[in-house]
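Please look over the chain below before reading on.

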Amino acid sequence: MTGLENYLALLSRVDEICRRTSETFSAHITCRAGCDACCRHLSIFAVEAAALRKALRELPAEQAELVRAKARETREGSPCPLLHDGLCLLYQARPIICRTHGLPLLLLREGERSVDFCPENFQGLPSIPGSAVMDLERLNMMLATVNALYLQSFPGPERLTMAQALLSD
């Protein structure tokens with residue numbers, strides 16, 4: 001599908017940072033398959049929705065129907081419709097928020113900068129080096145820019161819920 005090139009390039013950069021951080025701090029990261037408390041139904045950018053739909057079309061029919069059935073049943077505040085038996089059904093195409101969740105993110109809250117991460121991770125460390133921290137503001141700005149470029153070629157809503165993304169095509 002055309003239009004996803006910029007998004008895939010951004011994903012590649014994000015995945016490299018996540019991989020490096022996960023490898024460097026593997027003893028201090030508890031996130032593993034089955035750790036799914038943070039997997040909630042949320043909204044994503046249109047370009048991320050397009051990547052999910054592309055991955056959904058590549059699934060075997062039975063598995064794709066399971067995803068669609070879960071999406072039809074999903075309500076606000078419920079677990080992510082991609083979550084099944086503690087695992088993501090479209091893990092390879094998961095949105096950026098899912099890729100970075102639990103890892104150290106630099107946030108700007110009420111004018112104050114702080115680093116946030118899953119409280120289960122990085123326990124016992126006196127500090128986390130800046131090279132392991134992703135600037136969420138900068139990442140969101142890049143994602144919003146990639147999304148705006150995508151919408152120039154494929155007009156539609158800027159954001160969709162995961163369920164909307166999985167049920168539209």
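What follows is a short account of this model, from the whole chain down to single residues.

This is a predicted model, in which local features need pLDDT of at least 70 and side-chain atom pairs count only at pLDDT 80 or more, while totals for chains, interfaces and linings use all residues. Residues are numbered from 1 along each chain as its sequence is written, and side-chain values use heavy atoms, with hydrogens and water left out.

**Overall build**

The protein holds 6 helices and 7 strands, taken as DSSP runs (H or I of at least four residues for helices, E of at least two for strands) that are numbered from the N terminus. Their order along the sequence is α-β-α-α-β-β-α-β-β-β-α-β-α. The C-alpha trace spans about 45 × 35 × 30 Å along its principal axes. Of the 169 residues, 37% count as buried, where buried means under 20% relative accessible area, exposed over 50%, and partly exposed in between (1.4 Å probe, protein chains only). Among contacts (heavy atoms within 4.5 Å) between residues at least 6 apart in sequence, 77% join residues at least 24 apart.

**An open sheet**

Three strands form an open sheet of mixed pairing in the order β5-β4-β6, two strands being paired if DSSP finds at least two bridges between them. Because β5 (112-116) and β6 (134-135) stand at the edges with a single partner strand each, one side of each is left without a neighbour in the sheet. Strand β4 (residues 105-109) runs parallel to β6 and is joined to it by 2 bridges, with Leu 105 standing opposite Met 134 in β6.

**Cysteines**

How many disulfides are there? The count is 0, a disulfide being a pair of cysteine sulfur atoms within 2.5 Å. For Cys 38 the nearest cysteine sulfur, that of Cys 39, is 4.4 Å away. The sulfur of Cys 88 has its closest cysteine sulfur in Cys 80 at 6.1 Å, which is too far for a bond.

**Positive phi angles**

Most residues other than glycine have a negative phi. Asp 85, although not a glycine, has a positive phi of about 55° and lies in the loop between β2 (83-84) and β3 (87-88). Phe 122 also has a positive phi, near 60°, and its place is in the loop between β5 and β6. The table sets out the accessibility of the residues discussed.

| Residue | Relative accessible area | Class |
|---|---|---|
| Cys 38 | 36% | partly exposed |
| Cys 88 | 29% | partly exposed |
| Asp 85 | 68% | exposed |
| Phe 122 | 3% | buried |
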